[in-house]
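Hi everyone, thanks for making time this morning. Let me put the structure up so that we can walk through it together.

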Amino acid sequence: MIISGSRRHVLAAAGGLGVSFMLPSLRARAAARRGRERPRSLITLWLAGGPSQLETWDPHPGTAIGGPTRAISTTIPGLQIASDYPRVAERLGRFSVIRSLVSREGDHQRGTHAVRTGYRPDPVLSYPALGALLAHQSPPTGLDIPAYVALGADAFPGRGGYLGGRFDPYRVFVPGFAGQNLVPHTNGPRQDRRLTALRGLDMHFAASRGVPVAATLHDHTLEAALAMMSSEQLAAFSVVAEPAAVRSAYGETSFGRGCLVARRLVEAGVRSIDVTLQGFDTHAANFTSHAAQATILDGALAALIDDLADRDLLESTVVLVTGEFGRTPQINPLEGRDHWPHGFSCLLAGGGIASGRVIGATDPEGRLREPEHPVTVADLSATVLAALGIDWQRELMTPLGRPVKLADGTPVVGLISG
Amino acid sequence: MPQSFRDLLPLIWIVAVVGAVVGSVVAASRSTLPSHPWEVEPPSQVTRELAARIDAVINVQISAAGLEPAALAEDVLVLRRMWLALAGTVPSVEELRRFEADSRPDRLERWLAGILADRRSADHLAGLLASALTGNDGGPAFVFRRDRFTSWLADALHAGWSFKGIVAEMVASTGLWTGTPAVNFVTQAASAGQVDENTLAGRVARCFLGIQFDCAQCHDHPFAPWTQTQFEGLAACFATVRISPLGVRDSGPAVLRIETPMASAGAMPPLTTDPDLKKPFIAGRRAVPQVPFGQPWFTGSGSSRAKLATWITHDENRRFGRAVANRCWAIAFGRPWHEPIDDVPDPSVEPGESDLLDILGCDFCAGTGDLRQTLAAICSTAAFRRASAHPGLNDPSRAAAVTTSWAAFPLSQLPPATMISAMIQATSLRTIDPESPLFVRTIRFLRAVDFMREYGRSHPHEPATIPQALVRLNGRLARELCEANVFSGPGRVAGLSQSNTSRLDTAFLACLSRHPDASEQRMLIPLLEAGTPARGIEDLYWTLFNSAEFCWNH
C-alpha cells in the first residue's frame with residue numbers, strides 16, 4: 001500500500017472507511033461502561049410487513065373494527081394492549097407508546113424507507129437509515145466489528161444512503177451462531193501463503209498507479225476484514241455460550257436469537273442493531289397470523305428489556321419496535337387487514353426516552369382517518385435521534401452538494417426524558 | 001423393475017450428466033455462427049473520425065496540464081475493458097486465445113464491433129440503462145415489471161433500434177406492463193394505483209436532458225435558471241396517465257393539481273383531497289403541460305406525453321444528445337465525462353469542437369441514434385486504449401491532473417453484477433453466453449442472484465466495504481468457484497496443464513486477461529508448488545479474485 005501523510009491523515013482515512021477499529025484504542029473501552037455514561041446504542045425490532053396496530057399496541061375490542069382481538073391491562077395505568085402480549089404488558093411501564101404515527105407511504109418498500117430514514121423516497125438522493133446516522137454521528141472506538149448490524153432476512157434493509165456504502169449494515173441472515181462470511185476457507189500455513197501472494201500481487205499492481213490504487217483503500221479493507229475475522233468480539237454474534245434459561249427466555253427462534261445477539265452486540269459496543277421479524281403483512285387471516293408472530297415477539301421483547309435493564313444497559317440503549325405502517329381498521333372479506341399508514345403504533349424504550357407515556361389516539365370506530373396528535377415518521381426520527389443524544393437538526397452535506405438535516409421533524413414533546 | 005423413485009435416481013443422474021455433456025458439445029459445435037465477436041466487420045471510417053475528434057479535445061487537456069499521455073495498454077487489456085464495459089464480464093480463455101491468434105492489424109476494432117453485436121452486450125447495457133431509467137429498487141408491486149422492461153430494452157438495443165425511438169416508446173406508450181414493456185418506465189412511478197407525475201418529470205429531466213431540477217418541485221432552483229413552474233409544467237405532461245388492471249392509458253384533462261412536496265415527510269401545507277385520485281393537493285394550484293425550453297419542438301397531435309417524447313428527441317435538442325453522450329462515456333470509462341452523470345453543463349450557444357459532449361451528442365442526434373455507434377466511437381479513442389499506469393500517478397501533486405485530464409485510463413470498481421459475472425466466467429474455460437447449455441446459464445443466474453443479495457451495492461469510485469471484502473474472502477460462492485474438481489475450470493487447469501508455469505498462465509488469462517510477468521511468476525509459482533496441483537490452483541484463483549487488479553477495472 002502506498003499511502004503517505006501524517007498520523008492524522010491515517011486516522012482520518014481509517015475513520016472515513018469505518019476501519020477506525022484497526023487503530024489502537026485511544027481511550028478506555030467505552031463498551032465496558034454502564035448506565036448513562038455509556039455511549040448510546042439503538043436496537044430496532046423491525047416488524048416487517050406492517051403490523052396491525054389493532055392487534056398490538058392499540059386494540060379497540062368490542063368495536064366494529066376491533067375484530068376478535070382482546071385487550072389486557074398493562075403497567076401503564078389505564079393503558080391496554082392486545083392480549084397476545086402478556087409479557088410485554090407486564091413491562092410496558094418501561095416503554096412509551098405512540099399510537100398516532102402517520103406516513104404518506106402505503107407501499108412496503110417506500111413505507112420501509114420512510115420509517116427507517118424519516119424521509120420519503122427520493123429518486124435523486126438516497127437517505128441513510130437511523131442506524132447508519134448513529135454510526136456516522138457517534139463512531140465507536142476500539143470496536144473490531146461493524147458499528148451497524150442487521151440480523152435476520154429483510155427484503156428492504158437499512159442503508160448508508162448518501163453517507164456511503166461503508167455505513168450499510170453488516171448483514172447476518174441467520175443470527176445466533178456466527179457472523180456472516182467470517183470463517184476463512186483455509187487456515188494455518190495455507191491461508192498465510194494465500195495472503196502473502198495476495199499482498200504481493202496488490203503491491204505489484206500499485207507500483208505504477210500509486211495514488212489511485214491507494215484511493216481504492218483495497219488493502220486497508222482487506223486488513224480490516226482480516227482483523228475482524230480474528231477478533232474476540234465476534235463471540236457477540238453467537239448465543240451458544242448463553243445459559244439455556246436465557247436462550248429459552250428469548251425464544252429458540254431466529255428472531256429470539258437475533259434479540260439476544262442484539263443485546264450481546266450492544267455490550268460489545270455496536271452502535272445500532274436491526275432485528276427483523278417477518279410475517280406481519282396480513283391481508284388474509286390477520287388474526288391467526290398475527291397471533292403466531294405475537295408469540296415470538298412477546299417473549300423476545302420482554303426478555304430483551306429485562307436483560308438490558310438487568311445489565312444496566314437500558315439507560316444507554318434506545319429500543320424501537322415498529323414496522324413500515326399499520327393496517328386498516330376495516331376487516332376485509334378474507335379476515336385480513338390491508339395497508340394503513342394513517343395512524344399506526346410503535347413502542348419506544350430506553351436511552352433518553354421517557355417511560356410510561358402514551359402519545360396520540362385513533363378513532364375506535366375507524367371513521368376518522370387522521371389520529372389525534374399525529375406524529376410523522378420524520379418526528380419519530382427526530383425523537384429517536386434526540387434520545388440517542390444526537391443533534392437531529394444538524395445538516396450534512398450530501399454528495400450532490402445539498403445540505404440535508406438528519407431529521408426533518410421535531411422530537412415528540414414529552415418523550416425525551418430530562 | 002424399480003421399486004420406487006429413489007431407485008431411479010442413479011439413472012436420472014446419468015441421463016442428466018449425459019445430457020449436459022451432449023448439450024455442451026452441441027453448443028460448442030455452433031461456434032461458426034456469424035455473431036461471434038471476431039467475425040464482425042470493424043466500425044466504419046466515420047466512427048474512427050469521430051474518435052479522432054474526441055482525442056483532439058482530450059489531447060488539448062493533457063497538454064494544458066503539462067502532461068504526457070500514458071502509453072497504450074496491451075491489446076488484451078483493452079479487450080478486457082471492452083468486455084467489462086460493454087458486456088459486463090471478462091473475456092473467456094477461449095476468446096482470449098482466439099484474440100491472441102488473430103493477426104489482423106485492426107483486430108481490436110473488429111472485436112469491438114463484435115462485442116457490441118453480441119447479445120451479452122445488449123443484456124448488459126439494458127441492465128445499466130434500466131437501473132438509470134427506473135432506479136435500483138424493486139419498484140411498485142404488480143404494475144412494474146423490471147424483468148420485462150429490461151428484456152425489452154435488450155431486444156431493442158440488440159436489434160439496433162434508435163435510442164430516440166426507445167425513449168419515445170418509454171415516455172408515450174400505452175398498454176399493459178407485460179405486453180407493452182416500455183410502459184414500465186411510467187409505472188415505475190406508480191403509487192397507490194396512480195402515477196406520481198413529479199417522479200417522472202424528475203426522471204425525464206435527469207436521464208434525458210442531464211438536468212437535475214427535482215428541487216424545483218418545491219422551489220425555484222437556488223443556483224440554476226430552472227423554476228418551480230417549469231418543473232410543474234413538465235410534470236403536467238404526465239397528468240393524463242391513468243393506471244388500471246388493463247394497463248396504462250391517457251384520460252382526462254391535461255391539468256396537474258399540485259401535490260404536496262415530496263422530499264419531506266414532515267410538516268404539510270394546507271391540503272385538499274382529490275375525490276377521484278385520493279391524493280392530497282395544495283388548494284388552488286394547477287399546472288398545464290409545458291416544457292422549459294425549445295417550445296417549437298413541443299408539437300404533435302397526440303397526448304401531451306407524445307408531444308413530450310417528440311420534444312425530448314428532437315434533433316435540435318442538444319441537451320438530449322449531451323446527456324446520452326455523458327452516459328455512454330460513463331459506461332465505457334466507469335466514470336462520466338462530467339459528474340454527476342445526470343447534471344450535464346448547459347450547452348454553449350453553438351456546438352463547438354472543443355466540447356466533447358457536443359461532439360458526441362450532435363453526432364448521436366444527427367445519426368441513426370444507435371447507442372452502440374456512440375459507444376464504438378468512445379471505445380475507439382486513444383484515450384480508451386491508454387494504460388491505467390502513468391508516472392504521474394505515483395506523484396500526489398500530479399496524480400489529480402493525470403486523472404482529470406484523462407491522460408491515463410481511470411480505475412473504477414466493478415459493479416457487483418459485473419464482478420460475479422467475471423468470477424463465473426473466469427472459472428469456466430469455455431465462453432458462457434446465450435448459446436451455453438440451459439443448466440449452465442441457470443446455475444450462473446442463481447449464483448449471481450445469491451452473490452448480489454449478499455454483496456449489496458457499490459459505487460464505482462468508493463472503496464468496497466468490509467462485508468463485501470468478507471464475501472470475496474470467505475463467501476460460499478467464492479469457495480465453490482475456486483474449487484478444483486473435474487467439472488470446474490480450476491480443476492481442469494490443475495489437471496490438464498503440464499506445469500505450474502502453464503497453470504499460472506491460464507489462471508492469469510482467465511481472471512486478469514493477461515499473462516504473468518517474470519516477477520509475478522517468481523512470486524506465485526511457490527503458491528502452486530506448496531501443495532497438490534488442485535490445492536495450489538484453488539489458492540491461486542482465490543488470490544486473483546481478491547486482488548485489486550481483478551476488483552477494479554483498469
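Three salt bridges are found across the interface of chain A and chain B, and please keep in mind that this is a predicted model. One of those bridges joins the side chains of A:Arg190 and B:Asp539, with N to O at 2.8 Å. H5(A) supplies the largest share, twelve residues. Sorted by class, that side of chain A has 33 nonpolar, 17 polar and 16 charged residues.

Now for the whole contact. Chain A brings 66 residues to it and chain B brings 68 residues. Together the two chains bury about 5600 Å², and 61% of that is on carbon and sulfur atoms. As for polar contacts, there are 20 residue pairs between chain A and chain B, counting pairs with both residues at pLDDT 80 or more.

Back to B:Asp539, please. Which residue of chain A has its closest N atom 2.7 Å from an O atom of B:Asp539? That is A:Arg194, in a salt bridge with B:Asp539. This pair crosses between chains, running from helix H24 of chain B to helix H5 of chain A. Are the two partners buried or exposed? B:Asp539 is buried, at a relative accessible area of 1%, and A:Arg194 counts as buried too, at 3% relative accessibility.

Stay with helix H24 of chain B, residues 533-545, where we also find B:Trp542. B:Trp542 is buried, with a relative accessible area of 1%. Leaving out residues up to four places away in sequence, B:Trp542 touches A:His185, A:Arg194, A:Leu195 and A:Leu198 from chain A, along with B:Arg472, B:Leu473 and B:Cys482 from chain B. A polar atom of the B:Trp542 side chain lies 2.8 Å from the backbone oxygen of B:Leu473.

B:Glu538 counts as buried at 9% relative accessibility, whereas B:Arg535 is partly exposed at 33%.

Let's step back to salt bridges in general. Side chains of opposite charge can pair when their charged atoms come close. Over all chains, the structure holds 46 salt bridges. Within chain A, the side chains of A:Glu55 and A:Arg337 meet in one of them, at 2.9 Å from N to O. This pair links distant parts of the chain, 282 residues apart: A:Glu55 is in the loop between strands E1 and E2, and A:Arg337 in the loop between strands E9 and E10. A:Glu55 is buried with a relative accessible area of 1%, and A:Arg337 is buried with 0%.

Finally, the nonpolar side of things. The largest nonpolar core has 276 residues, and A:Leu301 and B:Phe208 have the most contacts inside it. Helix H3 of chain B, residues 75-87, gives the largest share of this core, ten residues. Beyond its neighbours within four places in sequence, B:Phe208 is in contact with residues including B:Leu133, B:Val167, B:Phe185 and B:Phe320. Chain B itself has 25 helices and nine strands, and buried residues make up 56% of its 554 residues.

Notes:
Residues numbered from 1 in each chain as written. Chains lettered and ligands numbered in written order. Predicted model: local features only at pLDDT ≥ 70, side-chain atom pairs only at ≥ 80, totals over all residues. Heavy atoms only, no water. Contact = heavy atoms within 4.5 Å. Buried area = accessible area lost by both parts, 1.4 Å probe. Salt bridge = Lys/Arg side-chain N within 4 Å of Asp/Glu carboxyl O. Polar contact = N/O pair within 3.5 Å; in protein donor to acceptor, adjacent residues only side chain to side chain. Helix = DSSP H or I, 4+ residues; strand = E, 2+ residues; numbered from the N terminus. Nonpolar A, V, L, I, M, F, W, Y, C, P; charged D, E, K, R; others polar. Buried < 20%, exposed > 50% of the residue type's maximum accessible area, 1.4 Å probe, protein only. Core = buried A, V, L, I, M, F, W, Y, C linked by side-chain atoms within 4.5 Å.
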